[in-house]
Amino acid sequence: MEKQKHINEKLDLGENQKYDDAVEQLTLKFSPELGKKVGNLFMELHLQDQHMNVDTYMTSMRDIFILLNKRNKGGSPKNDAFIGEQDILELVRRYPRILSQSVLQKINQNLDVLDNLSCMDIPKVNQLIKQSKGYIFSIGGRKLNETCIFLDNIFVVDELGRKRNAAEYMLNDLGEKNLQVSTKKIYARLMHICAMHQTNVVLKKSFDFCYKRNEEEYEVKYHMSQEQLENQYVLPDAENIETYKQTIKETINKMIHPEHEEKTDEPRLE
């Protein structure tokens, strides 16, 4: 009881100027009630039991609110893509690790990757943020680039013939948790299917199969082991993102249009 009282006192009064400044900024920039809601969330998530200092918590919350609110520039609160105060509170409930400074440092970088995909834009990414369970924030920037840039060049078609960009489909429908799957594995599997059919449009059931099935099941269906696939379809190096983008596009284009590959001057034998 004494411990709870002490925590409540800290939430009400703050431990230092940093805490007070964070509360003031939240209540001035957002609704007057937000400071109290943020304080209540600290208690609800039992962050004190996880050794999170309340001052650090409040500072992180301030940074999250300011960062995500910037994405609403020019938008209306009535718009589905508008990230409201409650949306941010719910995001923190689902993914408390976002309060970590190491995660916060990656957010802008990762959101920039998503914003710049051909299939996405700020409103679409905002909607993804509003339903996110945190995978788009926790994944490394290089891994996010590798996977999403590759999938941005593939399309998924369902049973009704509706075609969608594969990156958008994976993030929104198949689920962002699939970002954790090895890019090397998915690249090899999908490139094998594209090469077989000479198209970058993959049936939804085949796309899902690549993500959901283990190596043995894939080998039974496509008669190639994962090792064979990865030796034949080598994921390009993504250290230089612009080079990676170009290499991915060129590789897929050659895969689906083999007749356009450079020909030699030697006569063909009939």
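How many disulfides does the count come to? Zero, taking a disulfide as a pair of cysteine sulfur atoms within 2.5 Å. Before going further: this is a predicted model, where local features need pLDDT of at least 70, side-chain atom pairs count only at pLDDT 80 or more, and totals for chains, interfaces and linings use all residues. Residues are numbered from 1 along each chain as its sequence is written, and side-chain values use heavy atoms, with hydrogens and water left out.

Back to the cysteines. A disulfide is a covalent bond between the sulfur atoms of two cysteines. For Cys-119, the closest cysteine sulfur belongs to Cys-148 and sits 7.8 Å away, which is too far for a bond. Cys-194 has its closest cysteine sulfur in Cys-210, at 8.8 Å, again too far for a bond. Cys-119 is buried at 8% relative accessible area, and Cys-194 is buried too, at 1%. Here, buried means under 20% relative accessible area, exposed means over 50%, and partly exposed is in between (1.4 Å probe, protein chains only).

Cys-148 brings us to helix α9. Helices (H or I, at least four residues) and strands (E, at least two) are DSSP runs, numbered from the N terminus. Helix α9 covers residues 141-151, and ten of its eleven residues are buried, so the rest of the structure largely encloses it. Among those buried residues are Lys-143, Glu-146, Cys-148 and Phe-150.

Another buried spot is Asp-55, at 6% relative accessible area, in helix α4 (residues 54-69).

Now the rings. Rings of Phe, Tyr and Trp (its six-membered ring) pair if their centres lie within 6.5 Å; planes under 30 degrees apart are stacked, over 60 edge-to-face, and the rest tilted. That rule gives nine aromatic pairs. One of them is Tyr-95 with Phe-137, which is stacked because the centres are 6.5 Å apart and the planes at 20 degrees. Tyr-95 lies in the loop between α5 (85-94) and α6 (101-115) and Phe-137 in helix α8 (residues 135-138), so the pair ties together parts 42 residues apart in sequence. Both Tyr-95 and Phe-137 are buried. Tyr-169 and Phe-207, by contrast, pair edge-to-face, at 5.6 Å centre to centre and 75 degrees between the planes. Tyr-169 is in helix α10 (residues 166-175) and Phe-207 in helix α12 (residues 204-212), so this contact links parts 38 residues apart in sequence. Phe-207 is buried at 0% relative accessible area, and together with Tyr-169 and Tyr-211 it forms one aromatic cluster.

Rings meet charges as well. A charge sits over a ring if NZ of Lys or CZ of Arg is within 6 Å of the ring centre and within 35 degrees of the ring normal. Lys-163 does this over Phe-155, at 4.9 Å from the ring centre, and Lys-221 over Phe-209, at 4.6 Å.

Finally, there are 13 salt bridges, each a side-chain nitrogen of Lys or Arg within 4 Å of a carboxyl oxygen of Asp or Glu. Glu-44 and Arg-93 form one at 2.7 Å, N to O. Glu-44 lies in helix α3 (residues 34-44) and Arg-93 in helix α5, so the pair ties together parts 49 residues apart in sequence. Glu-168 bridges to Lys-124 at 3.6 Å. Buried Glu-168 has 16% relative accessibility, while Lys-124 is partly exposed at 31%. Shared partners join Lys-124, Arg-164, Glu-168 and Asp-173 into one salt-bridge network.
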